[in-house]
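Me: I have a model open and would like to learn how to read it. Could you take me through it one feature at a time?

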Amino acid sequence: MAFTAFGSNNRSPSNKPRRTGKVVIALLAPGLAYLAMFFLTPLFALIMVSLETPDPAGGFAEYVPAFEFGNYANVVSEYLPHILRSFGYALAATVLALLISYPLAYFIGVKARPWPMLQKLMLTLVIAPFFISFLLRTLAWKQIFSNESWIVSSLQDLGILDQTQYVVGTPFMVIFGLTYNFIPFMTLPLYTSLERLDTRYLEAGSDLYATPAKVFRKVTLPLSMPGIISGTLLTFIPIAGDYVNASGDFLGSSSTAMIGNVIESNYLQINDYPSASALSVILMGVILVLVSVYVRKSGTEDLL
Amino acid sequence: MAKEFVARGADLELKQIRKEFPGFVAIDNLDLHVPAGQFFALLGPSGCGKTTSLRLVAGLETPTKGKIFIGGKDVTSTKPHERPVNTVFQSYALFPHMSVLENVAFGLRQRKIDNPLVRAKEALNLVQLPHLADRRPQQLSGGQQQRVALARALVNRPSLLLLDEPLGALDLKLRREMQIELKAIQMEVGLTFLHVTHDQEEAMDMADTVAVMNLGHIEQMGAPEALYDRPKTVFVSKFLGQSNLLVGEVTSSSANSISIEVAGNKISVPKARAEKHKGKIAIGFRPEKATFLTKKPASSASTNVIGPGVILDIRFTGTSNQYLIEVPELGNITVFAQNIGQSPVIQLGEQVWISWAIEHSFGLSDLPAKSEKA
Amino acid sequence: MRFSLGKFTLPVYAVLAFIYLLIPIVYTFVFSFNNSLKTNLIWRGFTLDKWTNVCQREGVCEALSNSVMIGLISTVVATALGTMIAIALVRYRFKFRSSINLLLFLPMATPEVVLGAGLASQFFNLGVQKGIWTIIIAHIMFCLSFVVVTVKARVASLDPALEEAGRDLYANPRQVFWRITFPLLLPGIASAALLSFALSFDDFIITNFNAGSDMTFPRYVYTAAARGVPAEANVVGCAVFLLAILIVLSTQIRGEVKRRRLAKKH
């Protein structure tokens, strides 16, 4: 599955020294050329646009090439709360997803081993949310927690919420939605890792006087680290850039707008391309730095 | 939790153990006593319940019925980490995310014993691998991993060390070397070793006492020499070395021996070496205890003779030849002869009589299954 | 086994987790039978009308057919290109390997807004009119890496001795590929294709940046969200869900039947 993407399963093909040359080029060239054209050049285009200035002679939303690095300072000073909010929400949702997913993945991958059919069925249930439209399932939560719903009215009756307080539009709701939507991205790599976990190591641990809690901390957890790393990356990255959950039409409000919402509105609605592009570059840069620091810290450097 | 190091091993006692798994009974009514300080081997074919017994002792499985005592203490309901027992796993189960040294120190750290690394290094010295302390287990050869697994278990000075076919993954030569080493280490540390294996040579070579296990129960237990010299059941006679078995009704009985008639041959066994003294019994003898002659020998009170038979096959195995002799109405008999002089001493198709000393016969408690030709 | 926190804690937890995962799906299903008016917020009684007359609602089926077409084309192209790269990466040794791995990894590590905005800027610079084809180009781009990763795992698990045996038995390289390698890779390629169709079909963010005025199903839902999504959208979502689950379950059951049959033979 794609979810091993970040795992360290890069087996080196050292035992297969094969002829290189024409065949390899023929196999690689079309795909790599495609990525160069529609992934690398666009990133470059994005950087160029982020440095453009408004066309003095032109009208609304017309820009000329320039090297206006001030754009970056402007967007940072204007949108710092959104940037921080994005990473804060992403962190919270990733941690929540990890806490929810780990026991589930452990159950499917380790406890359910004697019943392979059950394992498969449960895996299907884990990815089931993927099969219903991302937007529809988010809207479903919005309706379930809507201001008129019995959940909200009972929370108000219980005094947990004031009569004037609601759930939709709050950071809680946005983080809730982000967590829900990306849980399968966390559970699957954790499952892949735990499914391969040799339970004889756990037996050896308890044979060597470790209590069940110690066995978990000293053996299970470190051995499932590759799954934790790829799971957290696979959830954190898309969450940091998401703008559906935080959007006012979905689970959020203007006070929960994330960096993705700002990029979307600047790019598609008010056509402030340089600002949107500068924010995109910042988002990408921060993520790349975070990812490489994280990966290095966690010791799976063969990842890249 | 047993925190102190033990000076010597403790004894192990299994009482009336029964272990059921969904769909089958792995062990039924097992009683076993392993004296302290012994090298004890549990020998049997795969699926006989020997590994399950070991896992029960380690606490990795819970018995359905029965009790387990280690050093006189009932440990039946304690968890693996609370038992003064360590295991050398068949797969070694060395933690892949820790260095060799950290693997060996793991148990010490869990029990919060002082200077875990110093003790771990000593244990690595004992298995002659101090130079590999910083490696990862994956970088070690099978034999080295085996030694690390041994050190990791021994360093804790368990009352009882469990070995689950620890040599199974090694090649023959390394295996024999490790057998000698393992035995030497056991003598040096004086702990109780419970060794599970399906290799009869390994069991006989290393153990003070061997228990032969079959179908979830112990068939026979004793010193290797005694087991080999006087097997009591068909299974033991066949599993521990080879045997020729002859089946017949007891026709005569004297003060110290009984005889059966088989195809016109009178076969005797000392009463003291027979499990049953009347009815239909099986009498066996070892192939290397018999000789064959080209002329019918004069009958004697101290030897059994059968024949004539025909040499059907001769297999050269180096130190000895194995002769397969077909005796009409009796079946095939195997005889081993050392290659002392010229070999082989006889040609295919020649007629021979087989003879062996009466005191080398043994009488079994059960009969071979119908399908099994004796 | 003694590693559980208690015999029932984990199973009970798993059941609760599955309920949590399924709630929005059940909700969407229930409200696809709602006898709603324009919006679909309050329960107004049961009806099958929305299922039988999906296309009555303006734009729903148009968006759906666009999405299917985009999904199919992107899947075919991305699967072909990605499979070729995967084979090259596992089976051959060459320079720049790690830079190529990095290039394949980056699109997966890049947030969708960035991919979308970047490609939109590129199209803007080149003066390309945005529409169905720009969406397809975008989808091929982000599916490609996922295909490579999925197929690569399959190629890596393939025993090279099988291909060697083929060559030993007088097959030329072309025959070896089509008669041995390709059939063995097929399950991997199939799951890569399914994954890429699913990614393409459900993509909203990148699509939104590169769509111009053309609608896809997710875009339809997003636009409708402001004024209320009609029950017909639920119907489409549920139908797609059922189809996907059916495909997954049938491949699982087929695999299980095969396994059982093999087990019987031995």
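Reply: Let's begin with handedness: a crossing is left-handed if the near helix is turned anticlockwise from the far one by less than a right angle, and right-handed if clockwise. Helices (H or I, at least four residues) and strands (E, at least two) are DSSP runs, numbered from the N terminus. This is a predicted model, where local features need pLDDT of at least 70 and side-chain atom pairs count only at pLDDT 80 or more, while totals for chains, interfaces and linings use all residues. Residues are numbered from 1 along each chain as its sequence is written, and chains are lettered from A and ligands numbered from 1 in the order in which they are written.

Me: Which hand does the crossing of α1(A) and α3(C) have?

Reply: That crossing is left-handed.

Me: At what angle do the axes of α1 of chain A and α3 of chain C cross?

Reply: Axes are lines fitted to C-alpha atoms, for helices over the stretch in contact, and angles run from 0 to 180 degrees between N-to-C directions. Here helix α1 (residues 22-50) of chain A and helix α3 (residues 60-91) of chain C cross at roughly 130 degrees, with axes that come within 8 Å. This makes α1(A) oblique to α3(C). The cut-offs are under 35 degrees for roughly parallel, over 145 for roughly antiparallel, 65 to 115 for roughly perpendicular, and oblique for the rest.

Me: Which residues meet where α1(A) and α3(C) touch?

Reply: Two residues are in contact if their C-beta atoms, placed from the backbone, lie within 7 Å. On the α1(A) side, the residues include Leu27(A) and Tyr34(A), and on the α3(C) side they include Leu81(C) and Ile85(C). By class, this contact of α1(A) with α3(C) has 10 nonpolar, 2 polar and no charged residues. For the classes, Ala, Val, Leu, Ile, Met, Phe, Trp, Tyr, Cys and Pro count as nonpolar, Asp, Glu, Lys and Arg as charged, and the others, Gly among them, as polar.

Me: How do α4(A) and α1(C) cross?

Reply: The axes of α4(A) and helix α1 (residues 9-32) of chain C come within 9 Å and cross at roughly 85 degrees, so the two are roughly perpendicular to each other. Trp141(A) is one of the residues of α4(A) that take part, and Tyr27(C) is one of those from α1(C). This contact of α4(A) with α1(C) has 7 nonpolar, 2 polar and 1 charged residues.

Me: How many residues of chain A are in contact with chain C overall?

Reply: Chain A brings 77 residues into contact with 79 residues of chain C. The largest share of the chain A side, 16 residues, comes from α1(A). That side divides into 58 nonpolar, 11 polar and 8 charged residues.

Me: What is chain C built from?

Reply: Chain C has 11 helices and 0 strands. A residue is buried if 20 or more other C-beta atoms lie within 10 Å of its own, exposed if 12 or fewer, and partly exposed in between, with C-beta atoms placed from the backbone. Of the 266 residues of chain C, 42% count as buried.

Me: Is α5(C) largely enclosed or open?

Reply: Helix α5(C) is largely enclosed by the rest of the structure, because 12 of its 15 residues are buried. Among them are Leu115(C) and Phe123(C). Just after this helix, Gly127(C) takes a positive phi of about 70 degrees.

Me: Where is Pro63(B) found?

Reply: Pro63(B) lies in the loop between α1 (50-58) and β4 (65-70) of chain B. Pro63(B) is buried, with 22 other C-beta atoms within 10 Å.
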